[in-house]
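Reader: Can you walk me through this structure? I'd like to start with how the chains meet.

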Amino acid sequence: MITKQQVLEFLKDYDPENITIATVCSHSSLQIFDGARKEGFRTLGICADKPPKFYDAFPRAKPDEYLIVESYTDIMNRAEELRKKNIIIIPHSSFIYYLGKENFSGMAVPTFGNRAAIEWESDRDKESKWFLGAGIHMPGKIDDPHDIKGPVMVEYEGAKGGKGFFVARSYKEFNELVDRTRKYAVQEFINGTRYDLHYFYSPIRNEGYTLSKGSLELLSMDRRVESNADEIFRLGSPGELIEAGICPTYVLTGNVPLVARESLLSRIFSLGEQVVEESLALFGGITGAFCIEAVITDSLEIKVFELSSRIVSGTNFYISGSPYSDLMQKDLSTGRRIAIEIKEAARTNQLDKILS
Amino acid sequence: MITKQQVLEFLKDYDPENITIATVCSHSSLQIFDGARKEGFRTLGICADKPPKFYDAFPRAKPDEYLIVESYTDIMNRAEELRKKNIIIIPHSSFIYYLGKENFSGMAVPTFGNRAAIEWESDRDKESKWFLGAGIHMPGKIDDPHDIKGPVMVEYEGAKGGKGFFVARSYKEFNELVDRTRKYAVQEFINGTRYDLHYFYSPIRNEGYTLSKGSLELLSMDRRVESNADEIFRLGSPGELIEAGICPTYVLTGNVPLVARESLLSRIFSLGEQVVEESLALFGGITGAFCIEAVITDSLEIKVFELSSRIVSGTNFYISGSPYSDLMQKDLSTGRRIAIEIKEAARTNQLDKILS
Amino acid sequence: MITKQQVLEFLKDYDPENITIATVCSHSSLQIFDGARKEGFRTLGICADKPPKFYDAFPRAKPDEYLIVESYTDIMNRAEELRKKNIIIIPHSSFIYYLGKENFSGMAVPTFGNRAAIEWESDRDKESKWFLGAGIHMPGKIDDPHDIKGPVMVEYEGAKGGKGFFVARSYKEFNELVDRTRKYAVQEFINGTRYDLHYFYSPIRNEGYTLSKGSLELLSMDRRVESNADEIFRLGSPGELIEAGICPTYVLTGNVPLVARESLLSRIFSLGEQVVEESLALFGGITGAFCIEAVITDSLEIKVFELSSRIVSGTNFYISGSPYSDLMQKDLSTGRRIAIEIKEAARTNQLDKILS
């Protein structure tokens, strides 16, 4: 675990006028490099084996330089080399997944955002505490299946990456379908429409624990494209599929752009504010881009499922702006917004507020 | 009811070079204010209680000024104050809903569009007359359920905002499902894909009852995101859900952008033309933005469900242009198109043609 | 059949500085004309009867000139007239459908792309050979229904334009549903999410059979909107609909924009490369825009269904650029990319490489 103090020490040797933005070549890296270049930064792409050939097809995003590693954990041994290049890392979820959470926490390179957030978002109990503190109710967990009163989503333990789920509309159905030899968790099924909400919180525009004007932004939103759940109805209904031994899965393959009703924006902003304010109280705050995965019901309630305290891939559609960010500044992606924050922090000597 | 004559009287005191665009802060107001500002207008946001905090996050759309009202009906008492500011109101459906139709008709402030249209679109019989006159066939109504020959959509009376519907595939099914203690209306179910078509009709570019070249525009299109109907298949088929006592609902939560086959454009334009031409004959014409809610079947027929004679929220995605408006002018939203129409009318002394 | 030699002869009389871009006014013509004009070309729209009125609403796309034909096959008799105007034809699928494949092959006007490709994509056996050579596995065909082990898609012979299909989840179900008086083909049903991938291959940027850096581009992607399959779940599940005698259909009515996970891009590019490289070996190569219709499964496999060796209508959303093309050049549609290729080929005397 790298401490804030150590990161501040590293920064003493940095030339704030020659920062290079780096990330692993995956997930949202095209956007991150494109945004960094638009703000005048040099860019460095970290990749295993060799640079992805497809970067040649995207000249505006292709990084200025590559760091080739044997395996991603090798990044840990290259920290000094990276610091010598005045590198600031922009982490995304593939970055953290490839490196491992432990390694990520210990990586001795200044990193955009608050690395403490990862602990709070990936531990179910901590996340619950955070959300409850923020006044946000997640879908109810049902400990005893006898308490099932309506539709539920059941997830088997150890299931990975969107697989190992089933849906039941009643206790009776649950009882018929469940494989009792496996461990499972039961959660209320929320009927509605899915929205991933892409926020940006700027610590350098904020003072104190209550958000100042304009320090929370909504940059865009998307709907996850989930394979096979999104198109499985073409094959059969949940009931019909069970007979054929086919289960829905929720593996992300891409993202569809959309907007929400304008009358929901007040609550969408409140939601983000509560999440940020509680995070400031709990662990120093989430910093920069974050995403709330929500379902909007037919009572126009916004039910929160998950939080990701960094740039998400759903922002990739909006490389040249979105219906929301266009109302702040033209050609503003989340990647570029991150670069603007770093530039502004470097200029005003506040890098300590946005790096960890 | 304010007469055209009264509006023309009001306009005599207006300074056409200092018009301010106003609307209620909801629905499509970000787009309306952004568009107005791009055309050089001052903007005023009307809101109950206090200005929505989230406007601070969208500096390009934030109105220059607010009018705070205790309740929206209070707008009726502020007419003189609004007129003194050279206000032109851009109404949207939340505006009319908050104010009430009666009040809206009587509001003593010059308003973009033809206020007579609201009567024709919201009364089923008048709408039918309008559409029949325009040669447009809406989904058939079935007065006697014994006449049900194929799939139908049943709506209970008094159902509000997208709730109170069910689908039946046959008379037998209808018979099993219907609650005969309630009043209901039965309508043919149209199987296909939904498109909301965003038109703009310019009276100042047109002469007479037959549309001149270029006086009808297609600015964009969207698909409504409806909660819970859009994703309800993840929980069960209509049949499976009925057993669980769950009904589909059609509450708008947002909008997905899309384009239609180019070969459909001729018919999409004809549809719009017929609607405008018939409206000119019936009540002086719909003016400015309007939307046709349609389903396109697998025979490539365009079935019309509803008409909205003003800006719709589905245009919100296209704040910086759409695949269609980009072929007219860059960066052209429906909100901006409205502002352009007002600007042009003011410049050429034709405000009487577009206000009511 | 027009030979390359004949086309080269035609080109000798062309003024490379006064080329006019022409196509039939349908499908993706707005985009083609808009793109051509942005690159400084004159444009000519071919239409039967009279020019589509709706072009007046899209001044940036409206062609400079029309060629009115009695019926589209009449284009065959106008070849000399077209050549005298230094016309290069941009074919799209409506163009080929209206004219007929035979006529299209024999049309005595220089045409963008390799006309030989049409034979290879429209003949199932040739397409299979092409794809197998490229290492791409299409959904398995099942010759003997007794071999049905999982879900299948059944297509009746002679079915047209997205109609005449049904889905079965097992041999038993197939057996119950199939109409044995009709001929049919059975194919594995691939469960996943649909993506149409829009590529561009530039022969003038490439050397030899192995693709050089940057000679293959990914310009955008979309999801087809299919009527009635996309929204049929609102009416019933496949099982429930069969009882009501309703079949799913797959008629294209429009397109929704989307992006894919960035981690899939490497494989998306490999796929495109293999298809191009094999086409170079088999028939001189597909040239310019092409599209791979794919399904991405929950194992993140990309299953290929069909290939279209020209501009597809799914590119129409991206008239002013896409999340992918924005990383090459601003405001780059597929239509404009085609115009750029022609301009560059004309400038460097390489029109022979991109026309047929």
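Author: What follows is a chat about two chain interfaces and one residue in a predicted model.

Reader: Ok, chain C and chain B. How many residues does each put into the contact?

Author: Chain B puts in 53 residues, and chain C puts in 47 residues.

Reader: And what area is buried between chain C and chain B?

Author: About 4,100 Å² is buried between chain C and chain B, with carbon and sulfur atoms giving 58% of that area. On the chain C side, the residues that lose the most area to chain B are E231(C), R234(C) and L235(C). Together these three make up 18% of what that side buries.

Reader: How many salt bridges are there across the interface of chain C and chain B?

Author: The rule finds seven salt bridges across that interface. One of them is the pair K53(C) and E273(B), whose side chains meet at 3.0 Å, N to O. As for polar contacts, 24 residue pairs are counted between chain C and chain B, both residues being at pLDDT 80 or more.

Reader: Which elements of chain C supply at least two residues each to the side that touches chain B?

Author: Helices α2 (29-38) and α9 (238-243) do, and so do strands β10 (216-228) and β11 (250-257), each of chain C. Strand β11(C) gives the most, with seven residues.

Reader: What about classes on that side: how many nonpolar, polar and charged residues?

Author: The side of chain C that touches chain B has 22 nonpolar residues, 14 polar ones and eleven charged ones.

Reader: Back to β11(C). Which strand of chain B is joined to it, and do the two run parallel or antiparallel?

Author: Strand β12 of chain B, residues 259-260, is joined to β11(C) by two bridges, and the two run antiparallel. In one of these pairings, V259(B) has N255(C) as its bridge partner in β11(C).

Reader: New topic: chain A and chain C. What are the residue counts in contact there?

Author: For chain A it is 48 residues, in contact with 53 residues of chain C. The area buried between chain A and chain C is about 4,000 Å², and carbon and sulfur atoms give 58% of it.

Reader: How many salt bridges across the interface of chain A and chain C?

Author: Eight salt bridges are found there by the rule. Among them, R234(A) pairs with D230(C), with the closest N and O atoms 2.7 Å apart.

Reader: Which element gives the largest share of the side of chain A that touches chain C?

Author: Strand β11(A) does, with seven residues. By class, that side of chain A has 22 nonpolar, 14 polar and twelve charged residues.

Reader: Which strand of chain C is β11(A) joined to?

Author: By two bridges, β11(A) is joined to strand β12 of chain C, residues 259-260, and these strands run antiparallel. Here N255(A) has V259(C) as its bridge partner in β12(C).

Reader: Is T334(A) buried or exposed, and why?

Author: T334(A) counts as buried because its relative accessible area is 4%, and buried means under 20%.

Reader: What does T334(A) touch, leaving out residues up to four places away in sequence?

Author: On that count T334(A) touches Q31(A), L219(A), A289(A), I311(A) and T315(A).

Notes: Residues numbered from 1 in each chain as written. Chains lettered and ligands numbered in written order. Predicted model: local features only at pLDDT ≥ 70, side-chain atom pairs only at ≥ 80, totals over all residues. Heavy atoms only, no water. Contact = heavy atoms within 4.5 Å. Buried area = accessible area lost by both parts, 1.4 Å probe. Salt bridge = Lys/Arg side-chain N within 4 Å of Asp/Glu carboxyl O. Polar contact = N/O pair within 3.5 Å; in protein donor to acceptor, adjacent residues only side chain to side chain. Helix = DSSP H or I, 4+ residues; strand = E, 2+ residues; numbered from the N terminus. Nonpolar A, V, L, I, M, F, W, Y, C, P; charged D, E, K, R; others polar. Pairing = 2+ DSSP bridges. Buried < 20%, exposed > 50% of the residue type's maximum accessible area, 1.4 Å probe, protein only.
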